[in-house]
Amino acid sequence: MQQSDTISILCVDDEPLFLDAFVQKLERQPGFSVTSVSKVSEALELINTRYFDVIISDYAMPDMDGLAMLQEIRARGCQSLFIVVTAKRLAHIAIDALNCGADYYFQKGADSAQEITKLVEFIRKSVPERHAEHEIAEWERFYQSVVENQTDLICRLGPDGTFSYVNEAGVYFFKKTYEEMLKSNFFSRIPDNERSLVLVRLQNLSTIKPDLLLEHRISNGDNRQVPLLWSYRGFFDARGAVTEYQVSGRDHASAIRIGSPEPVKTSAPSAPQAPVNAPLSAPEEADWKGLVETIQSLDNPVFAVDKGGIIIAWNKGLEELTGVPASAVVGKGNREYAVPFYGKPVPMLIDQILALAGKPGAAAPQGIKKVGDTYIGDVEHVSIRGKPMLLWGKGSPVYDAKGSLIAAIEAITVGEPYQAADQEEYMGGISSITLKVSGDGIGGAIAGAIGSSTGGYGVYATSKRLFVIRNPDMNAENSQGVQFSTFMMDELFGTTVDTRQKQVKDLEKLKIFVAEKGDITRIELKKPVLLSGFMTITTKDGSSFRVYIDHKKAYTHIEQLMKSFSPENLKIE
């Protein structure tokens, strides 16, 4: 799907002087094609026949206000970027616009020139992102249609033969509903006299030879034993054990071979030769050399292991935290990486990452949350250098250019179990450039896409209070604020965050909002999907404060924290 470089914009405003001046400024921008109308009815007629990348609408118009127009076009399936313009300096208008599905809020006024510059930057950044989202959705629909419209039977099986997926052709063949298929077993449908031979051949599959072509019979929905040609492909974990099979079957009895009058042979192919029992070659160091160099440059404590569990990187941050030099652990296996934290070699988050990699749809064990390719562990009580500490792990598998698992990494965050004299215990928190705010803490002045015009805020909880702070280390407006290593963590894990423990006195100093736990009546969380998510804190006096959350991983951290802080007042949309 190719997108034009030109960005098409529709402007709707009933004030001719503002509309003309606004359109002229946009038309000066290279690559912008601007159409303007003064009535919502005219805009809706245009939208019926043309697609616009961006729709910019005044909030207050005589025939229909901007939010009603937004709701109308969204109901029609229009996914253009929508920007609300208003001269009214009321925070609730911006919040209502966001909640109705707007993407940006533009304030008319004396500083419009500066705001237009921000608006243009937002449009240039967001239109390609919106196009990419649409392309992904289109490709997903296309892929799904290819799979579902196949005449071949396509199935996914667990190692024991239990169905985990079957396409429409398979549902029709077996004459069961999709839900019934997921409760049944593929191997049990193979006749007894053929099943053992099939299973023997499947045991010969390996990472060297993962594919197998067999002809055997299978019982269909009428209990007839139908001979089909089956293609098997095995998927394996880091230890070489089968985790899943993909199986496709087809009836080739009536196939016509071009260039030969003879019918296609339907006898089963000879059994494949078992693979030579030679050890698998270790991955080339070059496969993860760049990863090791990146990890060494990070300030955060991070380590990595290859797919066999051998430590390949142990950075300076970990050396300083544990007192264990890299030279003492790199090259070692048998979970040696756990000893500095637990006093003995026990499983850590990184072991689960290796075990789950390559298992599409596999559920993470209790205490571990999976967001994309990132795994997040619960906070644990450990002892480091004989001192009680809190440990929180976050990690991800690493694949080479061919999609093969080569390593896994885990970043370690620690904190002291802090307890002040007044028994106010630190519980946790996160700061991120993807967190933005609106509310009394910034005087209700909202500018930019959502919330404040820049991020770099944080949400933190103690046993008694909930804080929202402005984190100077995450201030994107300050060129020195977001450190290089923080951006490297962004490359590894998908978001730029600070999860280091904060002292209560520091939270007091940096706070822009604070509420006593007993004064909070409701904490509402909404997950970011295409638009930003948010957390709204409501107190007994009826006031509220909202934090906008642009990234799913920051949302996951906040959700876990709020479940610990005030589960009785938490509502998740």
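The rings make 14 aromatic pairs, where rings of Phe, Tyr and Trp (its six-membered ring) pair if their centres lie within 6.5 Å, and planes under 30 degrees apart count as stacked, over 60 as edge-to-face and the rest as tilted. This is a predicted model, in which local features need pLDDT of at least 70 and side-chain atom pairs count only at pLDDT 80 or more, whereas totals for chains, interfaces and linings use all residues. Residues are numbered from 1 along each chain as its sequence is written, and side-chain values use heavy atoms, with hydrogens and water left out.

Select Phe18 and Phe22, a stacked pair at 5.2 Å centre to centre with 15° between the planes. Next select Tyr104 and Phe122, a tilted pair at 4.4 Å centre to centre with 40° between the planes; both residues are buried (under 20% relative accessible area, with exposed over 50% and partly exposed in between, for a 1.4 Å probe and protein chains only).

Then colour the cluster in which ring pairs link Phe163, Phe173, Phe174, Phe186, Phe187, Trp230, Tyr232 and Tyr245.
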